[in-house]
Amino acid sequence: MNFGPLDAVLGFTKQPLSAGRRYELRCNSTGSRPPATITWWKNGQRLERSKDLISTDGNTTSTLTFIPKKEDDGKYLSCRAENKALDNENMEDGWTLEIHYTPEARINLGLSLNPNAVREGTDVYFDCIINAHPPAYKVEWRHNGKHLQANVNAGIIISNQSLVLQGVSRSTAGNYTCVGYNLEGEGESNSFYLNVLYTPTCKPNQTRIYGVAKQERAEIVCQVDANPPEVQFKWTFNNSADSVDVAQSHIAKSGTSSIVTYTPMTELDYGTLLCYAANKIGMQRVPCVFHIIAAGRPDQVHNCTILNISMTSFQIRCTEGFNGGLTQAFLLEIRESQSQDMKSNSTSPLARFVVNNLEPGIQYHAVVFAYNSKGRSEPVILQASTLRLPEKQLTAERDSQRSPFRFTPLMSVIIGVVSALLIVLLVVILVLRLQCTQEGEHRRKQQQRHKNAVVTGGSLEHRGSGSGATLSDKGGGSPISKHESSGGEGDSDEKNPDIIPQPVDIDDCSDYSRKKQHVSTIETSPSRSLLRQAGNSGYMGYCTLRNGMPLHELNAQSKLIPGPAQMIPAYTASCTLPRQPPQQWQYGPISHLPPGMYPVQYRGVPVAQQRLRSTQTRDPPIPLQPLPAAPEEEASPETPLMANKRESTV
């Protein structure tokens, strides 16, 4: 049996479509035997380009490729399923199309305006007609492709879909468009060219001053800007005496330019030429002014600078001066500063020069001139120097030429300062040496006086002791001899912190002063000559006191020093014995010495202990003055014998 289709159903949501976009529409049909045929219709007009697909169960699916247009908005689109075996058995489904498209804009000049008669100063307005679905939500105006902002002060007013331009000028002329925006995008209108007519005006950057000599022919050019460009020219000459029109025979025209031929014959022919132009809009309000002056040399250049200095080149740029009424050019001369040899000579229509092929490290004079047919300007002299070559650390050629030595002012200043410092240093050294010499001479005189006083005091002392011996005994080891040979040793002992000074009367203390200077050193092996001076009084009692004097000498000295006994310090230091272990004192008994003077017995002392005692560190020897004579005792077997004289230090 044959059955008709049960339904025809569109397989997508019935929604608005965008114009120009491609869509795939589907329609399904079921229940038909044999399978149904599906067709597509738009407002009763069949659409092609559909494809049918029959499934295994006899159902049919049709696909339509559809590109809507703006004109399809509001039309009915449907799909129809039918069985060819049965008449009047068909099913249909469809919907009314809603097509969205970008705005379509159109610009119109105001109805009351003539686009060919818009002059400067008049008001102009435009209307923008927009067709869009959905409706446009914004309108934009553009002038020569640039967005035009509303500015009431500048005479630009934008209201809804209208544009008003107040007091238009030549800068207002150009192409105008309007743009509409909706959800589908933007749509720009066709452009409208606004032609603004205006009277002629002078073009900028023209030569306004002409230098012309007498009976010299000059051509003065006048250029104007006008709309429409069809213009007529009129020239007038003015001077301090009169104003006359230039004959048309001397005027030539080319478009918006005019050339007048003028030849001054007398002084009265120098003045001002006025150029007027006119078109259909009107006469030029402000004429073009040209000054005719007597020609002369150009003015010198100024503001010259030297740029891009290298080892072999540099650049010079200057500002041009007045050309003297004629076309000027510029001349550059480069000379070496020392020899004044010409190194470069170049000309340029502009005051800009590039100088090459120079020698490194040389100073040059650059002279810049401006010149025209009347002569040269005053020169401008510049000082320019090229950079020096880098110094070579190692050179392969021994005979390479070296640059001559240059004596700079800085070097002379340094040499003068160093010389002054050396002179001052030599003067200081001479002054110090002279002072040292005077001090040394004074010190030697004091030492000589001191030696004489010591010798005199020693002679008197020995003479008073009753001994017949002299101070120049052969022993050579007397304390007086040691003092004379020691030079300035007395001064060092006087500064010794271990020496305790004693208050002595000036008149009676010459001997005390001598003994105080030499009290810290004795000779532990006194010479035989001094012992002989003592006669039979016995041993003189020599002893070493590190911080004082022998007791018997201290007692004798205290008799010479006036004052209380408390001012004389006690001397309790022990004496120093001879270094060799003698069996007895070779110069006589020692019984006359104070008790405890020799607390250490040398008899029976081990040799190691004696060596230890002899190797102890002691102070430098200080010569001891002879003590008053003591009774001489007979030599006994126990008196120690010493072959050599030795000194002991404390």
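Buried means under 20% relative accessible area, exposed means over 50%, and partly exposed lies in between, with a 1.4 Å probe and protein chains only. This is a predicted model, in which local features need pLDDT of at least 70 and side-chain atom pairs count only at pLDDT 80 or more, while totals for chains, interfaces and linings use all residues. Residues are numbered from 1 along each chain as its sequence is written, and side-chain values use heavy atoms, with hydrogens and water left out.

Q: Is C222 buried or exposed?
A: The relative accessible area of C222 is 0%. That value is under the 20% cut-off, so C222 is buried.

Q: How many disulfides does a search of the whole structure find?
A: A disulfide is counted where a pair of cysteine sulfur atoms lies within 2.5 Å. One of them joins C222 to C275, with an S to S distance of 2.2 Å. The search of the whole structure finds five.

Q: How many residues apart in sequence are C222 and C275?
A: Strands (E, at least two residues) and helices (H or I, at least four) are DSSP runs, numbered from the N terminus. C222 lies in strand 21 (residues 218-227) and C275 in strand 26 (residues 272-278). C275 is buried, with a relative accessible area of 0%.

Q: Is the disulfide of C222 and C275 left-handed or right-handed?
A: The handedness follows from the torsion about the S-S bond, which is about -90° for this pair. The disulfide of C222 and C275 is therefore left-handed.

Q: Which strand holds C178, the partner of C128?
A: C128 and C178 form a disulfide with an S to S distance of 2.0 Å. The pair links distant parts of the chain, 50 residues apart. C128 is in strand 11 (residues 124-133), and C178 is in strand 16 (residues 174-182).

Q: Is the disulfide of C128 and C178 left-handed or right-handed?
A: C128 counts as buried at 2% relative accessibility, and C178 is buried at 0%. The torsion about their S-S bond is about 75°. The disulfide is therefore right-handed.

Q: What is the torsion about the S-S bond of C304 and C318?
A: The sulfur atoms of C304 and C318 are 2.0 Å apart and form a disulfide. C304 is in strand 28 (residues 302-307) and C318 in strand 29 (residues 314-319), 14 residues apart. Both cysteines are buried. Their link is right-handed, with a torsion of 120°.

Q: Is C436 buried or exposed?
A: The relative accessibility of C436 is 52%. This is over the 50% cut-off, so C436 counts as exposed.

Q: Which residues is S189 in contact with, leaving aside its neighbours within four places in sequence?
A: S189 lies in the loop between strand 17 (185-188) and strand 18 (192-194), and S189 is buried at 7% relative accessible area. Contact means heavy atoms within 4.5 Å. The residues in contact with S189 are A105, R106, I107, T177 and C178.
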